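Here is a short tour for anyone who likes to think about pockets and sheets. Have a look at the model first, and then we can walk through it together.

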Amino acid sequence: MSTEMQFSSNYADLSNSSGVDAGFQFEFYCQRCNDRWRTRFDPYRSGQASGWMQKGAGLFGGLLGSASSVLNGVAEAGWHSARDDAFTKAVADGKAHFNRCGDCHRYVCSPCFDTANGLCFNCAPNVNVAITQARAQGEVEAAREAANVEGRTRGAQRPVTQAMQLVCTQCHTETHGAKFCPECGHKTAQQVACSHCSTMLEPGTKFCTECGQRQT
């Protein structure tokens, strides 16, 4: 029981107790990278014999059917003991492929384990990997800062006082401030600046509402 508990959280039982494909197989996985290792299939002969007998009973019935039921009962009676033995062997084989971290106690594969320290690379990160990761992160941060400065420069050059019609009044498509609707071609209402005082006016305004200047 104690052996099974050690691997209770990083294995899958792929065994099958009955049928012609009855047998034992277990899959263990690294608790860091999730890579998997699977044991070789170990056939459960009693279960397979019962499976073949059941197939024969379906064809011939009668006495063969009764024998199939007896054999199936024998296979079921011996299943749990055989499964425990197979699992114990699988755990022993699995320990050759996985290492137990001395800090987090997770089972990890060899590429995820620092043998010198007895720790997984989550608990004891590889120095070269950490350096490369930090350098890449620094480059991203510096590029983000430079892009932010460039964006501010470009933003300062954008006209921000002119009102824009963002939705077409004709078909209600989003225009994103374009002069003409991308869907129906309808001309959108764009304010214009007074030729005298630069006050923003609605299109078609004949006289400036601020200084009275006639608009041409």
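In what order do the three strands of the open sheet lie, and is their pairing parallel or antiparallel? The order is β1-β3-β4, and the pairing is antiparallel. On the edges sit β1 (11–13) and β4 (36–38), each of which pairs on one side only. On average, neighbouring strands of this sheet are turned by 20° against each other, direction ignored.

Please keep in mind that this is a predicted model. Its protein chain comes to four helices and eleven strands. Of the 216 residues in the chain, 25% are buried. Among contacts between residues at least 6 apart in sequence, 31% join residues at least 24 apart.

Back at the sheet, strand β3 (residues 26–29) is joined to β4 by three bridges, and the two run antiparallel. Phe28 stands opposite Trp37 in β4.

Trp37 also turns up in the lining of the largest pocket, whose volume is about 170 Å³. Other lining residues include Phe24, Gln25, Phe26, Thr39, Arg40 and Asp42. Which helix gives the most to this lining? Helix α3 (residues 63–94) does, with four residues. Ala86, Lys89, Ala90 and Asp93 are among the lining residues too.

By residue class, the lining of the largest pocket divides as follows.

| Class | Residues in the lining |
|---|---|
| Nonpolar | five residues |
| Polar | two residues |

Technical notes: Residues numbered from 1 in each chain as written. Predicted model: local features only at pLDDT ≥ 70, side-chain atom pairs only at ≥ 80, totals over all residues. Heavy atoms only, no water. 1 Å grid on protein atoms, 1.4 Å probe; cavity = no way out; pocket = protein on both sides within 12 Å on 5 of 7 lines; lining within 4 Å. Points joined across faces, edges and corners; volume = space filled by probe spheres on them. Nonpolar A, V, L, I, M, F, W, Y, C, P; charged D, E, K, R; others polar. Pairing = 2+ DSSP bridges. Axes fitted to C-alpha atoms, helices over the stretch in contact; angles between N-to-C directions. Buried < 20%, exposed > 50% of the residue type's maximum accessible area, 1.4 Å probe, protein only. Contact = heavy atoms within 4.5 Å.
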